[in-house]
Amino acid sequence: MAHVGPGLSPRLGPRLTWSFAALLPLAFLGVFFAWPVLAIVGLGLGEGGVLPVLARADTWDLVGFTLGQAAGATALALVTGMPVAFLLARCRVRGAGVVRAAVMVPFVLPTVVVGLAFRALWPDGGVLPIVLANAFFNVAVVARTVGGLWARVDRRAEDAARALGASRVRAFTSVVLPSLAPAIGSAASVVFLFCATSFGVVLVLGGARHRTLETEIYLRTVELFDLSGAAALSLVQFAAVIAVLVIGGLARRKREKALPLRIEPTRRPVGGEWGVVVAAWLVVSLLLTPVVGLVVRSLATDDGWSFAGYAALAGTGERGTLAVSGLDAALNSVRTATDATMVALLVGVVSAVVLVGLRRHGSWFAETLDTALMLPLGVSAVTLGFGYLITMDALPGDFRTSPLLVPLAQALVVTPLIVRIVLPVLRAVDERLRQAAATLGASPWRVWREVDFPLASRSLVAAAGFGFVVALGEFGATSFLARPDAPTLPVVIARLMSRPGELNSQMAYAACALLMVVTTAAVLVIERLRVPSGGEF
Amino acid sequence: MSLRVKGLSVRYGPVPAVSDVDLDIADGEVVALLGPSGCGKSTLLRAVAGLEPVGAGVVSWDGTDLAGTPVHRRGFGLVFQDGQLFPHRDVAGNVAFGLRMHRVEREAREKRVAELLELVGLAGYRKRRVTELSGGEQQRVALARALAPRPKLLLLDEPLSALDRALREQLAVDLARLLRETGATALVVTHDHDEAFTLADRVAVMRAGRIVQVGVPTEVWQRPADVETARFLGCGKVLPASVAWALVGVDARVGLRATALRTDPSGTIEAEVLERVHRRDHVRLLVRIGDDDFEAVAPVAEPPSPGDRVTLSVDHDGVAIIG
């Protein structure tokens, strides 16, 4: 379809229009992502330089631990996510809907909340809870990404292998697994990224003993004021991220090409399949353990069960730990997340539309833009927040003090998710359906309004919901940028935990439980809205 | 009020899909584009609709070149093989779509929708969800939707191919009646010659991106332009003039369809039965005449068995003269 006749403009016109429309997301990425990140890079190269940092042995210890724990968590998430993917894609059993929603809850839980939830179970922290917590977040990514493809893999290939004499296990390893490979690769690269740049849980569970690049950047900036060292480490992290993104991009491209339209009907499991279903249920109940543990911890005090933590949220904590009350922080969280969601929706939906439009007209630019849009997903939020601090004063009216700073940073984190949810749905709209509308007299813009958007409406709502909860829980960039007099709930939680006092920690747990309830409720509503396998996460 | 295609070529990258095609469709005429899959007939139709960039040549309506006219301003209706109904709209919403795009007032719109649903035999289906319809019903809705804004030209891309046989034959007859009744000017793409001959006033046979023959159905059926066209139109056997004269009494190169030779006790051609296959309304035989193999047909009752010797007579309806 990519052919353009020599000297013919009818096809070149729309392509130019689309490229022009790409300027909005590109400008947003340029100002609020590339500029701050490049400033960090410049800082790292400029001052002390990267080489001295690279030459130090403890830098490589950091790199080793960062990649090691990410690899461990990725492997764990893959192993535990596969049975859940199987259940979601293939099985018609009671409670599949519950599993679908339950597995999604951890993914959107604020990192600080998860950190605290695991600390409620492992009070001393350590490597094991770090790996477990990172895997805990990402089981959903594996289950949804792999499950989404699995539901579309033709069951008859497997049946044919069985008819030819392959055992159930053999049929799985020789037929099913290879066809799932692109989704597994794509999920693994995304999970690895999330784990390698995970901030909140490592900070809460690792303390000063177990540090990753991400937390080290934070500590060097905030506590040691070693800006060039932090910048150099950011650079190291950035290099790793780009490598993983490129690999993931290749895997994703394969997958999207291979996506057939039909969805295999689910059926009741037979024989050994029940074992897999039981394993999936086990994974889900394990996922819910920290969640329940957190609620219990928020109610348990030295004097028995009490709502003291919740009551204390109206105040500013023990001996005035906080500048504002917990309630004000909660309200501020909601306001900030709302602004962030609106910005991210605007940028995300425009990006998705532009990506689909560019690809329909066969532009090479689509692939590049697609990967560029995913970059913020992988670059550490801490690096980003740090970058904002050293660049945003150059914008009119010293942007560093603007109340829009935090929403914009959050929007940057949320936008890739929105693109990933909306894009596959828009891309799945049959080109001929759009052509039918055109032959009936609908102009190109009218086709979007009458066909694409109505068909994607549910995923748009779901994307907005997801965007909101992720913004609500965003911690990395927010902790850098939120002004002391306007913190969000996750920032308040971290502050409370870092200060002594039984009431403070009780308050932190109560705030966590509240955030979790809001998040879970949002996820449940979204799950009802989503079309089956509508997106990647 | 007529379509003219002149020297049209469409390429997919380096691959030519349609090469130097000329075709005219007069007002109220139904033309079928007939050819095997991959011959470029759908591409030609899409180029006429404005959905495919034209490499060379001209598509014009009433003498006006359409090169600068985008799809949505051409006023050509299009029906796809699989309907492509809007899943988020009900039956009435689908049929009314084109009317809304043309800013037809609400009352006139509803009247027209009712009229069309009546026409395609789906009165009372207004509020039905399109996902609940059978394949045949979906295709009827798709047709009503395409006809609603009174298109200048109706383009049908294999409109019946996705349906099963009984339904397809029924719908082909319905569709033919509908096209006559509405006086539509139409271009139908199909790979099925029965369908083409049922629907069309004229048939254009297409092969490898080129139109190789245009004519009324009987002409194309009885006098295919070349050997490959004859084979595509069901002639399993092609005989040079000398052999044709001896066997069927025609002094020309001919193509024989299976029905050209029938078992007949008073026939003059002697043959030995090699194989026998039961078909819907006849028995298909493979026979040996002299030292060459031919297809022949026998009645379903008491068909001969392999090894039997039979006599055959020629049915000239099954004989096509090539060239």
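Me: How far apart do the C-alpha centres of domain 1 and domain 2 of chain A lie?

Reply: The C-alpha centres of domain 1 of chain A and domain 2 of chain A lie 21 Å apart. Domain bounds come from an automatic or database domain assignment, and for chain A that assignment gives domain 1 (11–47 + 315–537) and domain 2 (62–291). This is a predicted model, in which local features need pLDDT of at least 70, side-chain atom pairs count only at pLDDT 80 or more, and totals for chains, interfaces and linings use all residues. Residues are numbered from 1 along each chain as its sequence is written, while chains are lettered from A and ligands numbered from 1 in the order in which they are written.

Me: How many residues of domain 1 of chain A are in contact with domain 2 of chain A?

Reply: Two residues are in contact if their C-beta atoms, placed from the backbone, lie within 7 Å. By this criterion, 40 residues of domain 1 of chain A are in contact with 41 residues of domain 2 of chain A. On the domain 1 side, α23(A) gives the largest share, ten residues; helices here are DSSP runs (H or I, at least four residues) and strands likewise (E, at least two), numbered from the N terminus. That side divides into 27 nonpolar, ten polar and three charged residues. In this count Ala, Val, Leu, Ile, Met, Phe, Trp, Tyr, Cys and Pro are nonpolar, Asp, Glu, Lys and Arg are charged, and the others, Gly among them, are polar.

Me: Which residues touch the most other members of the largest nonpolar core?

Reply: In soluble globular proteins, nonpolar side chains tend to be buried together. A nonpolar core is a set of buried Ala, Val, Leu, Ile, Met, Phe, Trp, Tyr and Cys residues joined through C-beta atoms within 7 Å. A residue is buried if 20 or more other C-beta atoms lie within 10 Å of its own, exposed if 12 or fewer, and partly exposed in between, with C-beta atoms placed from the backbone. Of the 170 residues in the largest core, V84(A), V139(A), V142(A), V146(A), V422(A) and C512(A) touch the most other members. Helix α18 (residues 405–427) of chain A gives the most to this core, with 16 residues. Each of domain 1 and domain 2 of chain A contributes at least three residues. Another core, of 85 residues, lies apart from it and includes W448(A) and A47(B).

Me: Which strands of chain B pair with β14(B), and in which sense?

Reply: Strands of a sheet pair through backbone hydrogen bonds, either parallel or antiparallel. Two strands pair if DSSP finds at least two bridges between them. Strand β14 (residues 269–278) of chain B runs antiparallel to β17 (residues 309–314) of chain B, joined by four bridges; I269(B) stands opposite L312(B). β14(B) also pairs in the antiparallel sense with β15 (residues 283–289) of chain B, over six bridges, and R276(B) stands opposite L285(B). β14(B) and β15(B) form a hairpin with four residues between them.

Me: Where in chain A does pLDDT stay under 50?

Reply: pLDDT is the predictor's confidence in each residue, from 0 to 100. Where pLDDT is low, the predicted coordinates should not be read in detail. Chain A averages a pLDDT of 82, and 91% of the residues score at least 70. The value stays under 50 over residues 1–11 of chain A, and is below 50 over residues 532–537 of chain A as well.
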